[in-house]
Every structure is written in structure tokens, then in C-alpha cells.
Amino acid sequence: MMKRRMRLSLLSLSLLGIIFFGTLFTAVSASATYQLGLIKSTEEYTIIQYDDEGWKATIDPILNAKEFFQFQGDANVAGAKSKQTIKGWVDQTYTTYDALLSLYFSISEYLAWNIYQVNFTAAGYNETTINALYPNTYDAWYGVSAKWWFTEGEYEETPNNTANPIIIMKDPSDYKSILDNCNALINEILNDTAINMIIKFSFLNNTADEFLWQLVFYGFGVAQPGADYLGEVVSDLTCVNTTASGSTLTFEKTGVTDYTVEVSYGSKGTLSTFVVKDVLGDIIYEITSSNADWIFFTILISVIACSVAIITYVVVRNRKLKK
Amino acid sequence: MQREETIKDGILPIYDTIVFEIKMQRKKFYFFFLITILIVALIGYFLVLIPGYLLSDTYVDFFSGGLAFIEFLTLFAACLFFSGIICSEFDKRTGFIVFPKINKYKLILGKYIGNLILVISIVAIYYFLLGLFGLWYYGPVINVRILYSFGFAVLYVIMLSSFVTLFSSFMKNINVTIITTLIILLIGFGIADQIVTLVFKDAFEPLYSLAYLGNLITSILQNPFPDPRYVEFSFGGMGPGGMGGDFSFGSWISPSIEMGITLFVVYIVVFFVLAAYLFKRRQL
């Protein structure tokens with residue numbers, strides 16, 4: 001009987017040990033680089049300020065905030081809300097060709113690449129040759145989220161986009177490699193006599209600032225610690241008009257007059273606030289985020305407290321009755 | 001005044017029986033309570049911890065997925081809680097007492113209501129915990145279809161309990177009642193449904209099946225409600241993925257809402273009337 005108990009205890013200890021060390025090694029291997037902060041949850045975004053006159057006088061007299069940033073829904077209405085539910089993530093390895101198409105190209109360049117694909121293939125620029133020429137691979141966390149566009153009223157029941165990407169490179173210096181390789185490739189194409197001149201007009205090299213600005217709208221996410229990660233991204237890319245301060249990226253841009261865009265990232269690594277300011281520092285456009293975690297924890301704590309109170313009451317009463 | 005006392009005398013024994021039955025069955029309740037927490041924690045928390053497991057798009061979809069085990073849970077709970085309501089009286093010979101201290105129908109009613117409160121509490125805890133996890137992932141979203149789903153779950157529990165009570169009215173002991181009802185509800189209806197669907201395809205809806213009626217608990221959450229309610233897949237052909245062949249597999253998804261409610265009520269009434277009749281005959 002004793003031997004059996006000993007065996008059972010040893011078996012339990014071994015199993016616990018395997019789980020414990022497994023967890024420990026996972027943590028150790030992950031802590032060597034940046035950590036992923038994504039959590040499956042919902043973040044709500046609210047446009048708390050939109051000064052239309054200020055916008056027209058500072059940024060663009062024709063396009064409003066919605067059209068300018070290509071935000072969807074009622075993104076040019078103060079008080080409009082949008083939400084994003086992080087559904088999950090996987091490890092993903094990008095090749096240079098993948099990065100070219102999904103991170104480097106603007107939408108118009110992406111469309112042009114697809115339209116003229118036959119010409120590019122004929123000139124020797126296809127997935128295989130590009131990846132052979134630039135053999136780097138880039139490890140990333142690829143998150144998928146459901147997104148409800150900005151709306152003044154109630155949200156629709158189903159999201160407007162069920163596969164909205166969140167892309168976080170595990171190594172922030174990979175952004176620099178992607179930019180350099182893609183710029184080199186585009187240079188090569190622009191200098192290639194086999195490619196028609198009309199096609200060449202559709203493609204341009206990106207500066208580091210342009211590339212980072214574009215990434216913000218392509219689902220750029222931040223690994224933790226966010227301040228270090230953003231600092232490294234900006235310094236590696238050697239941005240000229242973009243700075244990182246804490247978990248905030250500040251883009252200095254010029255429209256009708258000069259203005260700045262401050263993009264902050266929260267502890268989950270996703271967009272937290274988006275603020276557009278004029279040269280005087282007055283806010284023209286502001287989006288903030290919030291979540292309902294506190295409601296969940298309030299209810300949870302209340303339920304646990306009530307349960308403990310009931311159990312204590314029952315135990316005390318039973319003891320008194322026994323006495 | 002006298003009328004009030006008569007009503008009080010009529011209700012008090014039932015109330016006392018309910019309280020007594022709840023105390024008697026509390027260990028079963030604790031067991032199911034723990035199982036419920038375990039199931040909801042596994043579905044709503046531990047499974048979601050896996051990064052590659054994609055969370056559903058909406059709160060309602062999450063709820064619908066989380067309710068996958070509610071039919072099993074209610075089925076087992078109904079069999080274990082209600083199997084002894086009538087047959088235990090005869091198994092322990094209390095049903096044969098000629099001059100009982102309490103009216104036997106009041107006793108059975110009290111026992112039934114006591115157990116029903118416990119099982120509905122388990123279902124409510126299941127919904128509450130799932131709702132709490134949903135709140136965590138999706139924020140405060142109110143959808144009336146979740147309340148409808150809970151309503152159908154309660155109706156389903158009452159129907160199952162009436163079915164088990166019917167068996168309890170003529171079976172000899174609790175264990176035989178549990179095993180018989182479990183076999184019929186878990187395996188019997190499933191096999192019958194498959195045979196009927198295979199033979200009759202869309203010509204005959206398996207409305208006799210209690211398990212099929214239980215599908216309403218989750219299908220009510222879908223927006224729009226499933227239409228058509230019968231789907232058929234063909235394979236072995238030349239279409240994409242081998243589709244379009246002569247082999248086919250059909251399945252009834254859910255009864256219509258109106259038919260479902262009607263059948264729930266009809267089955268509940270029929271099973272209770274039969275149980276009362278058999279109980280009365282058994283006493284003679």
C-alpha cells in the first residue's frame with residue numbers, strides 16, 4: 001500500500017515537473033527576444049474629436065479624415081465608434097516576396113504588380129527569382145482580428161472585416177532588411193530595360209518614414225516592451241521625420257501646413273491612440289481606445305466575494321448547530 | 001381566513017418537500033456545479049489560451065460554440081436527478097403506505113420541483129459563466145437571442161425531466177431508470193435519427209427525437225435562423241472536392257421555432273399525464 005502511494009506520488013511529481021520545466025523553458029526561450037503582448041480581447045475606438053475646419057486648413061482641403069487615412073465607416077464624425085476583437089495569432093515567416101506584396105507595396109502598387117505580372121514574369125521577376133535574389137526570411141507574429149468599422153449608431157452584429165491583420169516582426173531590425181531589400185528590388189526593376197516605361201511609372205522607392213507610415217495602416221503591431229521595440233524600429237530604419245518616445249510614434253508631416261500625427265500603442269501591442277495636431281499643438285483629430293476588462297473583473301470579484309461569504313456563513317452556522 | 005389557511009396547508013407540504021429534496025440532492029448538485037465550471041473553463045478559457053485557436057467573430061458565435069456541451073450536461077443531470085422521483089418511493093416501500101403523512105402527489109410534485117430548481121440552476125450557472133467569459137473577450141454585448149436560447153434550454157430540461165419521470169413511474173429502481181433513459185436519450189435517438197434521415201432524407205423530419213429538439217438551444221442563436229433546415233452533401237462526383245456524385249449525406253439541422261415550442265409543450269404534457277397515470281395504477 002505504501003509502495004503504491006509512493007509510486008503515485010512520484011508519478012504525480014514527475015508529471016508536474018515536466019509541465020513546470022516545459023513552461024519554464026518556453027519562458028526562457030521567449031525572453032531572449034521581445035515578447036508578444038497580444039491578448040484575445042476587444043478594444044473599442046472612439047473618435048473623441050474632429051475639427052473639420054482645422055482639418056481643411058491644416059491637412060487637406062479636399063479629403064476628410066476618413067478618406068485621407070482610409071479608415072472605414074463614419075471615421076469623419078466625432079463620437080463615432082469602432083471596435084476590434086483579437087481572435088488569435090500564429091508564427092509566420094515572411095519571404096522577401098511576401099513582404100514586398102503585403103508590407104512594402106501601397107495598394108496602387110499592389111494592383112499594378114498584379115496587372116503587369118505577366119510582364120514581370122517575362123522579365124524574370126517572379127516569386128522564385130525574387131526570393132532567390134533576396135533570400136532573407138523574416139519571422140513574425142501574425143494576428144487575426146475581427147473589425148467593426150466606425151459607426152455613429154449601434155454596431156452591426158457581424159464584423160465588417162473578419163480577417164484584419166496584426167503584424168509584429170519578432171526582430172525589429174527586420175523592418176530595415178525588408179525596406180532595403182524591397183528598395184533594391186524596385187531599383188533593379190526601374191533600371192531594367194526589359195520592363196516597359198509605362199509600367200515603371202507605377203512603382204516608387206519608399207523612404208523609411210513612408211514605409212513606417214504605411215505600416216501603421218497595414219496592421220503594424222508592437223512587441224513588448226513597447227517603448228524599446230518602437231525605439232529600435234525607428235533607429236534601425238534611420239527615420240528622418242519620425243521619432244519614438246515611449247510607446248508613441250510621432251510622424252512630422254506636411255499638408256496645407258505642417259502637422260504631427262502621434263500614434264500610441266498599448267500593452268497589447270495594438271493601436272491605442274491616434275492624434276493629429278497642428279503646428280501649435282492643437283488637436284484636430286483624436287481617436288482613443290478603451291476596453292471593458294474592468295466590468296469583467298468587477299463581476300468576477302463580486303461573484304467570488306459572494307461565494308466566499310455564503311460558504312463562510314454556511315460553515316459557521318453548521319459549526320454553531322453542531323455545538 | 002379559512003380559505004387562506006387551506007391554501008397554506010396545501011402549499012406548505014410541497015414547499016417543505018422542495019427544501020428537503022434540495023438538501024438531499026445537494027451532493028449531486030455540487031458535483032454538477034464543479035463539472036459545469038470545468039466545462040466552461042475548458043471551453044471559455046483554456047482552449048482560448050491556445051494562440052492558434054481562433055476566437056469566434058462575435059459574442060453570439062462564441063456562445064453558440066460554448067453551448068456544445070449543454071445538451072450532454074442537461075441530459076446527464078436530468079437522468080441522475082429525476083430518475084428516483086417516483087421509483088424510489090416503491091423501491092423503499094414508502095409508496096405503499098396506506099395512510100401517508102403527506103399526500104403522495106404533493107410529495108412527488110415537491111420532489112420534482114426541488115430537482116428542477118437544481119438542474120435549472122446548473123443550466124443558469126453554465127450560461128452565466130459563458131456570458132462572463134464572453135464579456136471578457138467581446139465587451140458588453142446584449143443580444144436577446146441568448147435569452148431565447150436559455151428559455152429553450154429550460155424547456156429542454158423540463159422535457160427531459162418529464163421523460164425520465166415517466167420512466168421512473170414504471171421502472172423498479174433508480175439505477176435501471178438511469179441506465180435505460182441514458183441509453184435511449186444518448187444512443188437510441190441518435191441511431192434512430194440517422195436511420196430515418198438515411199431512408200427518408202428530407203421527406204421526414206425527426207420530430208419524435210428529443211435530441212433533435214434540443215438543437216433549438218444553439219440554432220436559435222444563429223442569425224439568420226437556419227434555412228433550409230435540411231442540408232445534403234453529395235460526393236463521389238467530378239465537381240470540386242469530389243462533389244456532385246451519387247453518394248449523399250443529409251442532415252436535419254433544427255426544428256422550426258414554432259414546431260419546436262409546440263412539441264416541447266406536447267411532450268411535456270404527454271409524459272407527465274402518462275407518468276401520473278402509471279403512478280396511480282402502481283399504487284392500486
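**Sheet architecture and chain contacts in the predicted model**

In chain A, nine strands form an open sheet in the order 4-3-2-1-9-8-7-6-5, with antiparallel pairing. On average, and with direction ignored, neighbouring strands are turned by 25° against each other. The model described here is predicted.

Strands of a sheet pair through backbone hydrogen bonds, either parallel or antiparallel. Strand 1 and strand 2 of chain A pair in the antiparallel sense, over five bridges. Thr42(A) is placed opposite Thr85(A), a residue in strand 2 of chain A.

Besides the nine strands, chain A contains 12 helices. Helix 4 (residues 96–104) of chain A lies across strand 2 and strand 3 of chain A and runs at about 160° to strand 2 of chain A. Helix 11 (residues 226–237) of chain A lies across strand 5, strand 6 (248–254) and strand 7 (258–265) of chain A, at about 160° to strand 5 of chain A.

The radius of gyration of chain A is 26 Å, whereas a compact globule of 323 residues would have one near 20 Å. The C-alpha trace of chain A spans about 95 × 55 × 35 Å along its principal axes. Of the 323 residues of chain A, 30% count as buried.

Contacts between the chains involve 21 residues of chain A and 16 residues of chain B. Strand 2 of chain A gives the most to the side of chain A that touches chain B, supplying five residues. By class, this side of chain A has 10 nonpolar, seven polar and four charged residues.

Conventions. Residues numbered from 1 in each chain as written. Chains lettered and ligands numbered in written order. Predicted model: local features only at pLDDT ≥ 70, side-chain atom pairs only at ≥ 80, totals over all residues. Helix = DSSP H or I, 4+ residues; strand = E, 2+ residues; numbered from the N terminus. Rg over C-alpha atoms; globule rule 2.2 N^0.38 Å. Buried ≥ 20, exposed ≤ 12 C-beta atoms within 10 Å, placed from the backbone. Contact = placed C-beta atoms within 7 Å. Nonpolar A, V, L, I, M, F, W, Y, C, P; charged D, E, K, R; others polar. Pairing = 2+ DSSP bridges. Axes fitted to C-alpha atoms, helices over the stretch in contact; angles between N-to-C directions.
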